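Below are my comments as numbered points, to be read with the model open beside them.

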Amino acid sequence: MSEDVAEAPQADDERWMRRALEEARAAEALGEVPVGAVIVRGGEIIATGHNLTHTEQDPTTHAEMVAIRNAARAIGHWRLLDCTLYVTLEPCAMCSGAIVLARIPRLVYAAADPKAGMSGSVGDLVRHPRLNHRVHLTTGVLADEAGDMLRAFFRARRRSKVNPQD
């Protein structure tokens, strides 16, 4: 597990990431890419989300975006101060931008995304020095479990394209 600067993982990081993994399983049950997100404030979940892009036919309904929208509604404000976002896959550019705009102070993700991740892999939008808000980042919490879920999903998807009758 890697950590940002002096930001130590909190004792509950695995607990909340397990809840995000439950959201990822809910996405998978819908045929969506299994990514889940949970937003926690004051030791309580205030919002959850999972991928809904195919279900909603909306490219903005990534797990993080759904959770951010739900959290803003739940607290009645767009600034998600004092919150931590837990997500099973490193956020893309859209989601990383929304995290910064929502002023979420801390992001914890499980699996890195070397193809599209913008929170440390391809780029690092959440900690970009020219932006007015930077996010404390903790990575790799339950990365193996999240990565295994994603690999199994895509392996099954490739198999079904090779053998459509299966």
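Helices (H or I, at least four residues) and strands (E, at least two) are DSSP runs here, numbered from the N terminus. This is a predicted model, in which local features need pLDDT of at least 70 and side-chain atom pairs count only at pLDDT 80 or more, while totals for chains, interfaces and linings use all residues. Residues are numbered from 1 along each chain as its sequence is written, and side-chain values use heavy atoms, with hydrogens and water left out.

1. Let me begin with backbone angles. Gln57 sits in the loop between α2 (53–56) and α3 (63–75). Although Gln57 is not a glycine, its phi is positive, at about 50°. Is Gln57 buried or exposed? With a relative accessibility of 63%, Gln57 counts as exposed; the classes are buried for under 20% relative accessible area, exposed for over 50% and partly exposed in between (1.4 Å probe, protein chains only). The accessible areas themselves come from the Shrake-Rupley method with a 1.4 Å probe, and for residues only the protein chains shown count as cover.

2. Arg103 is another residue other than glycine with a positive phi, near 60°. Its place is the loop between α4 (93–101) and β5. Arg103 is buried, at 18% relative accessible area. Please look at both of these loop residues when you check the backbone.

3. Next, the salt bridges, each defined as a side-chain nitrogen of Lys or Arg within 4 Å of a carboxyl oxygen of Asp or Glu. How many salt bridges does a search of the whole structure find? The search finds eight. One of them pairs Asp13 with Arg106, whose closest N and O atoms are 2.7 Å apart. Asp13 belongs to helix α1 (residues 13–29) and Arg106 to strand β5, so this pair ties together parts that are 93 residues apart in sequence.

4. The surroundings of that pair deserve a comment too. Asp13 and Arg106 are both buried, and for Arg106 the relative accessible area is 4%. Their side chains are also joined by a polar contact of 2.7 Å. A polar contact is a pair of N or O atoms within 3.5 Å; within protein, one must be able to donate a hydrogen and the other to accept it, and residues adjacent in sequence count only if both atoms are side-chain atoms.

5. Arg18 and Glu14 form a salt bridge, with 3.9 Å between the closest N and O atoms. The two are four residues apart in helix α1, which means a separation of about one helical turn. Both are partly exposed: Arg18 has a relative accessibility of 39% and Glu14 a relative accessible area of 42%. A network of salt bridges links Glu14 and Arg18 with Glu145.

6. Asp124 and Arg127 meet through their side chains in a salt bridge of 2.7 Å, N to O. Asp124 is partly exposed at 25% relative accessibility, and Arg127 is partly exposed at 29%.

7. Finally, the surface. Which residues gather in a patch of positive charge? They are Lys115, Arg155, Arg158 and Arg159. Patches are made of residues with over 30% relative accessible area and no salt bridge, joining like charges within 9 Å and nonpolar side chains (Val, Leu, Ile, Met, Phe, Trp, Tyr) within 5 Å. Lys and Arg count as positive and Asp and Glu as negative, with His and the chain ends not counted; a charge is placed at NZ of Lys, CZ of Arg, CG of Asp or CD of Glu. Lys115 lies in the loop between β5 (106–111) and β6 (136–139), and Lys115 is exposed, with a relative accessible area of 78%.
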